[in-house]
Amino acid sequence: MSGNNHAPRGPHGGPAVEKPKNFKASIGKLIKYCKKHILAIIIAVLFAAASTVLTLLGPNKLSELTDTITKALPIFDLNQGIWTNLGMPVEMQTIFNIGIFLVIIYVVGAVLNYVQGFIMTTITQKVSKRMRKDISKKINKLPLKYLDATPYGDVLSRVTNDVDTIGQTLSNSITTLVSSLTLLIGCIIMMFVTNWIMALTAIGASLIGFALIVVIMKFSQKHFIAQQKELGRLNGHIEEMYSGHDILNVYNGKREAKEKFKEINDKLYVSGWKSQFFSGLMMPIMNFIGDFGYVAVCVVGAVLTMSGYISFGVIVAFMLYVRFFTQPLAQLAQVFNNLQSTAAASERVFELLEQTELIDESDKHQTLDDVKGNVEFKHVKFGYNPDKTIINDFSAKVKAGQKVAIVGPTGAGKTTLVNLLMRFYEVDDGEILIDGTPCSQLTREQVHDLFSMVLQDTWLFEGSVRENIVYSKQDVTDEEIKTACKACGIDHFIKSLPHGYNSILDDNTSISAGQRQLMTIARAMIQNSPMLILDEATSSVDTRTEVLIQKAMDKLTKGRTSFVIAHRLSTIKNADLILVMNNGDIIEQGTHKELLTKGGFYADLYNSQFEEA
């Protein structure tokens with residue numbers, strides 16, 4: 001699947017924040033989803049807060065340690081102009097006690113931080129695992145209507161990117177938020193308790209720098225937006241040019257493509273340079289804030305020390321407080337940014353988990369044994385939207401073992417008919433019966449077991465040829481696989497592969513669209529269901545392969561009720577019954593010869609393909 005794989009980036013190189021429609025509701029749902037882990041999360045949060053509080057005790061003790069040491073140092077006498085020694089002994093026991101205390105609080109703080117990290121990591125993985133599991137279960141219970149209306153890439157993004165975003169926030173942002181708030185509030189309290197003049201100096205110096213950051217972020221935002229816009233245009237242009245490279249060369253469009261590329265690339269360069277320039281200013285400004293705070297503390301502290309208002313140890317303490325004060329401000333800004341992304345991710349995940357599911361069928365106990373394959377459509381009405389009916393009043397009887405071809409122009413309702421037959425969608429009115437039993441009385445799994453299906457879009461997964469052909473069928477012998485492949489004319493190609501039926505099919509395997517289709521047809525043969533559906537099954541094969549498939553289909557459909565949808569009417573000449581659809585209704589039915597003789601809609605449709613040729 002092609003598409004833009006570059007996730008939008010926000011200021012400073014982080015992910016661009018997708019704002020949720022309802023922040024409180026989304027976070028509330030996430031908290032409710034994690035309620036079984038709330039106690040463990042609270043313990044982790046308390047440990048994080050306790051670790052931060054212990055960190056805040058350090059500067060105060062370092063101040064005391066510094067004052068204890070400086071008492072034994074000589075002092076310069078300004079009046080006499082000489083150094084004097086007060087002769088005070090070094091209080092080694094006090095220094096030792098303070099040192100031991102600092103070691104204990106730092107070790108305990110580190111242990112608490114490690115434990116909270118371990119708890120949150122464990123919870124994160126459990127929640128992410130459970131969320132992915134719930135989404136997987138939900139997808140299996142969703143009606144096809146939702147999956148048809150939602151891009152596959154969007155659903156995949158919810159399982160991967162959105163769940164990962166939620167997991168990262170649970171792992172880091174919650175404890176970081178608590179630690180940062182504790183550190184910020186505690187730091188402010190400790191600074192004012194220590195000395196209010198120095199506290200105002202440190203806070204004022206830091207806020208000046210942060211005001212500058214806010215101004216730069218506001219000014220740079222438009223350049224980041226422009227960068228993402230141009231990056232999206234560039235990716236889209238490159239994808240178009242490479243996917244249509246043959247057409248580009250045939251029509252000599254290389255020059256125009258290069259000019260457009262240059263135009264977009266130049267704009268991306270300008271916006272990218274400006275955005276990265278302003279982003280690059282953030283770290284120097286953060287360093288400036290710290291350095292400016294140190295200078296302010298040192299200057300004001302020196303004045304206060306010289307006047308005897310504070311001790312030298314207070315300056316040492318405030319040197320650490322400045323670092324503690326600036327650190328949580330930056331962390332809080334990042335945390336709130338992450339919470340916005342997490343709320344948006346939660347909104348998308350819970351939107352999927354809250355979708356209306358298929359009706360529970362655990363109370364259905366009707367079964368079909370020895371299925372013959374008689375199918376009847378009785379006054380079926382259906383529309384994908386309530387206000388627009390596609391199939392108005394469809395009725396038809398198909399006898400067991402018949403090969404039924406469904407033809408008609410695009411939008412006539414052919415594939416819709418098959419979707420209803422398989423119960424991918426439910427009829428709005430009327431009934432579909434199999435061997436006289438309404439499909440609505442059977443479970444969907446039972447209905448699906450009655451059919452083998454080959455679609456226009458082939459699907460092969462990464463695995464061996466044998467695994468792809470057998471798929472979910474149990475107890476299939478190698479001989480049965482080879483028989484099916486020979487009937488489809490694919491056995492010779494498979495044997496030419498390096499390891500035959502054990503060859504692994506992946507992106508490096510050279511296999512044509514027609515060969516892929518033949519393998520899916522072999523898969524349908526192996527399933528050996530009493531009824532068969534072929535939806536444009538020969539659309540990707542050449543004329544010679546089509547003849548082989550037709551012969552194989554004749555053998556496969558013998559004794560089985562088959563429904564064949566085809567635009568290439570030459571492939572259904574040997575059908576027992578042809579249903580001609582237009583605007584949701586059967587307007588003609590009969591054999592190929594009967595319908596041609598009739599000279600009606602089918603005859604016009606059949607002859608038009610030769611006129612177009």
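I began with Thr520 and found its place in helix H15, where helices (H or I, at least four residues) and strands (E, at least two) are DSSP runs numbered from the N terminus. Is Thr520 buried or exposed? Thr520 is buried, because its relative accessible area is 7% and buried means under 20%, exposed over 50% and partly exposed in between, with a 1.4 Å probe and protein chains only. I then listed its contacts (heavy atoms within 4.5 Å). Setting aside neighbours within four places in sequence, Thr520 is in contact with Val454, Thr458, Trp459 and Leu460.

A note on what I am looking at: this is a predicted model, in which local features need pLDDT of at least 70 and side-chain atom pairs count only at pLDDT 80 or more, while totals for chains, interfaces and linings use all residues. Residues are numbered from 1 along each chain as its sequence is written, and side-chain values use heavy atoms, with hydrogens and water left out.

Helix H15 covers residues 513-527 and lies across S8 and S11, running at about 180° to S8. Such angles run from 0 to 180 degrees between N-to-C directions, with axes as lines fitted to C-alpha atoms, for helices over the stretch in contact.

In what order do its strands come? The order is S8-S11-S12-S5-S13-S14, an open sheet of 6 strands with mixed pairing. Strand S8 (451-454) and strand S14 (585-590) are the edges, and each pairs on one side only. Neighbouring strands here are turned by 20° against each other on average, direction ignored. Strands count as paired if DSSP finds at least two bridges between them.

Strand S13 (residues 577-582) pairs with S14 in the antiparallel sense over 5 bridges, and Val580 stands opposite Glu588 in S14. Helix H10 (residues 414-421) also packs on this sheet, touching S5, S8, S11, S12 and S13, and its direction makes about 145° with that of S12.

Strand S3 (residues 375-382) pairs antiparallel with strand S4 (residues 391-398) over 5 bridges, and Val375 faces Val398 in S4. S3 also pairs antiparallel with strand S6 (residues 429-434), again over 5 bridges, and there Glu431 is the bridge partner of Lys378.

Then I turned to helix H3 (residues 92-141), which holds Ile104. Ile104 is partly exposed, with a relative accessible area of 47%. Phe96, Ile100, Ile104 and Val108 form a nonpolar patch on the surface, with about 350 Å² of accessible area together.

Asp154 was my next stop, in helix H5 (residues 152-194). Asp154 is partly exposed, at a relative accessible area of 22%. How far apart are Asp154 and Arg348 in sequence and in space? They are 194 residues apart in sequence and 9.5 Å apart in space, C-alpha to C-alpha.

Last, I stepped back to the whole protein. I noted 18 helices and 14 strands, and buried residues make up 41% of the 613 residues. Of the contacts between residues at least 6 apart in sequence, 78% join residues at least 24 apart.

Conventions: Patch = residues over 30% accessible without salt bridge, like charges linked within 9 Å, V, L, I, M, F, W, Y side chains within 5 Å. Areas by Shrake-Rupley, 256 points an atom, 1.4 Å probe, with all protein chains shown as cover. Salt bridge = Lys/Arg side-chain N within 4 Å of Asp/Glu carboxyl O.
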